[in-house]
Amino acid sequence: MDAITSVPVPANEPVKSYAVGTAERESLKKRLAELQAESVELTMTIGGKQRMAGGERFNVVQPHNHSHVLGVCAQATNEDVAEAVRAAKDAAADWAATPFDERAAVMLRAADLLSGPWRDTINGATMLGQSKSVHQAEIEAVCEMADFLRFNVHFARRILAEQPVSVPGEWNRMEYRPLDGFVTAITPFNFSAIAANLPTAPALMGNTVVWKPTPTQQFAAHHTMRMLEAAGLPPGVINMVTGDGQAVSEVALTDPDLAGLHFTGSTATFKKLWKTIGENLDNYRSYPRIVGETGGKDFVVAHPSADPAKVVTALVRGAFEYQGQKCSAASRAYVPRSLWESGLREKLITATNDITYGDPTDFSHFGGAVIDARAFAKHKAAIDRARNESSLEILAGGEYDDSVGYFVQPTVLLGDDPYDEAFTTEYFGPIMAVHVYEDNRYSEILDTIDETSPYALTGAVFATDRDAIQQAHRQLRHAAGNFYVNDKPTGSIVGRQPFGGGRASGTNDKAGSMFNIQRWVNPRAIKETFDAPTHHAYPHQG
Ligand SMILES: NC(=O)c1ccc[n+]([C@@H]2O[C@H](COP(=O)([O-])OP(=O)(O)OC[C@H]3O[C@@H](n4cnc5c(N)ncnc54)[C@H](O)[C@@H]3O)[C@@H](O)[C@H]2O)c1
Ligand SMILES: N[C@@H](CCC=O)C(=O)O
């Protein structure tokens, strides 16, 4: 009993290829067919019990085929959220008293279920519900989710091992308690891994959670919840409520026992939630921890010494994987005139035109549709604006069609004005703006990049000249929380590139690192004196 155990050494989950003829391809295709054939009730899970939310019902559809209903969901009402908060509070004492190893075992088991028997289900649900190609689903819904579950255990162990110094006569210890209350996790549509990480990271540290996925990710979230239950997650530890979140703002975020908000989503939503918490400061028992990773307007800058083929590949993958719906997506690029006019322009157009978006169950496509009608309308408006804006030219793409699914072609805009909206606003779709700068203005373009957008999430420099790389490091120091040298600005891996940005991009608590995990503990320093003094006077008193 009470041994100080070591946890398994984590390793990144290997990415399967799903190439023609592989067993994993056949297995996933079979599961995709099964998932498509059923329409499920997308319930809440409160205190371990599943039931439909009490508010208005809505369909969860395939973005690439919006007449295909994957499941029926409903808006959680204030009463539903109040019940979830109660369940989280009721489960708190037992879960906090559960030894760390037992909590960790649930997460490690979930990771193994995910890399084994649940792989096809979570991959398939993400492909169908969020319109991801098999590769895009595999790298995050399986590999990144498993990595979060395994690495978080390892990070937590390192935190628990962090202990103060003791001197003769006294013993100092640090106890890592959960927060004094419950945590609310509110999650985005674009990564099933993030949706799973936001409730499970606080739960690992002994907190109980109210989790609200977004409606457009609810299909995969539903299956993720089932997988966590199969891994042994006790009832009430994570309570999932459905819908748009209004009731969560009104009830969970204003509850006196709110101890933390773990959020990923847009900057506008995060600011709104933070304001709600700010307005309720006098009502809480403690100061709620606020962790939020938000939007980006991520850049790629090429120096004249860069390899143009590498720049083009990074731009196309960085901008158009998952239809540009990554917070890290390359959405503004700065290319020197020498490279632009010596073939990069044509290569970029050709590579962009080569990309096909379609139904992800047809594995030949590079990507799928954008997430919903709202996103489609936003991208359509951005393209229509570009068509009418004299400083912008549509170099590639520019078409859209929502008759079957929400399809927007990969689009490259060429812009004279680096301060135009196309270089400052997060469209969160397959639209990238390119600005061509004069070769002798590298330093000025770095300053422009730094001051153009309110965000500071990801960015990349391409150069072979070491001085140019150093200069970008220096001038863009605060322009990105994840900075890449000669690589695309997307695709961070847990344990290798801890992820998050500053400025309007979030609190930069680095998902997939010890820094995030330490936000979910409430340390108590304990000093024990073995032979306490028995008189109050000090020696200098004579
Ligand atoms: N920095 C990162 O790590 C990261 C990762 C993924 C996505 N993102 C960002 O997320 C955004 C895309 O995701 P999205 O469209 O799901 O974001 P969103 O802000 O629309 O929604 C995020 C979550 O907030 C909920 N929500 C919205 N209004 C709410 C309210 N009033 N009360 C309670 N909950 C509310 C939504 O239902 C959803 O669950 C992009 O801006 C992207 O850059 C950032
Ligand atoms: N961590 C992911 C982005 C997550 C946001 O959408 C990446 O690095 O591409």
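## Domain arrangement

The centres of domain 1 and domain 2, taken over C-alpha atoms, are separated by 31 Å. The assignment for the protein chain places domain 1 at 28-294 + 506-523 and domain 2 at 298-485; such bounds come from an automatic or database domain assignment. This is a predicted model, in which local features need pLDDT of at least 70 and side-chain atom pairs count only at pLDDT 80 or more, while totals for chains, interfaces and linings use all residues. Residues are numbered from 1 along each chain as its sequence is written, with chains lettered from A and ligands numbered from 1 in the order in which they are written.

Domain 1 contributes 16 residues to the contact and domain 2 contributes 21 residues; two residues are in contact if their C-beta atoms, placed from the backbone, lie within 7 Å. On the side of domain 1 that touches domain 2, two or more residues come from each of strand 5 (65-74), helix 4 (119-130) and helix 5 (134-161). Helices (H or I, at least four residues) and strands (E, at least two) are DSSP runs, numbered from the N terminus.

That side of domain 1 comprises five nonpolar, ten polar and one charged residues. In this classification, Ala, Val, Leu, Ile, Met, Phe, Trp, Tyr, Cys and Pro count as nonpolar, Asp, Glu, Lys and Arg as charged, and the others, Gly among them, as polar.

## Surroundings of the ligands

Ligand 1 is surrounded by 30 residues, of which Gly245, Gly265, Thr269, Glu293 and Cys327 are the closest. A residue is near a molecule if its C-beta atom, placed from the backbone, lies within 6 Å of it. Domain 1 and domain 2 each provide at least three residues of this shell. Helix 8 (246-252) and helix 9 (267-279) each supply at least two, and helix 8 gives the most, with three residues. By class, the shell around ligand 1 has ten nonpolar, 15 polar and five charged residues.

Around ligand 2 lie Asn190, Phe191, Lys326, Cys327, Ser328, Thr490, Gly491, Ser492 and Phe499. Three of these residues are nonpolar, five polar and one charged.

## Nonpolar cores

The largest nonpolar core has 95 residues, and Ala110, Leu114 and Val209 have the most contacts inside it. Helix 5 gives the most to this core, with 14 residues. A nonpolar core is a set of buried Ala, Val, Leu, Ile, Met, Phe, Trp, Tyr and Cys residues joined through C-beta atoms within 7 Å; a residue is buried if 20 or more other C-beta atoms lie within 10 Å of its own, exposed if 12 or fewer, and partly exposed in between, with C-beta atoms placed from the backbone.
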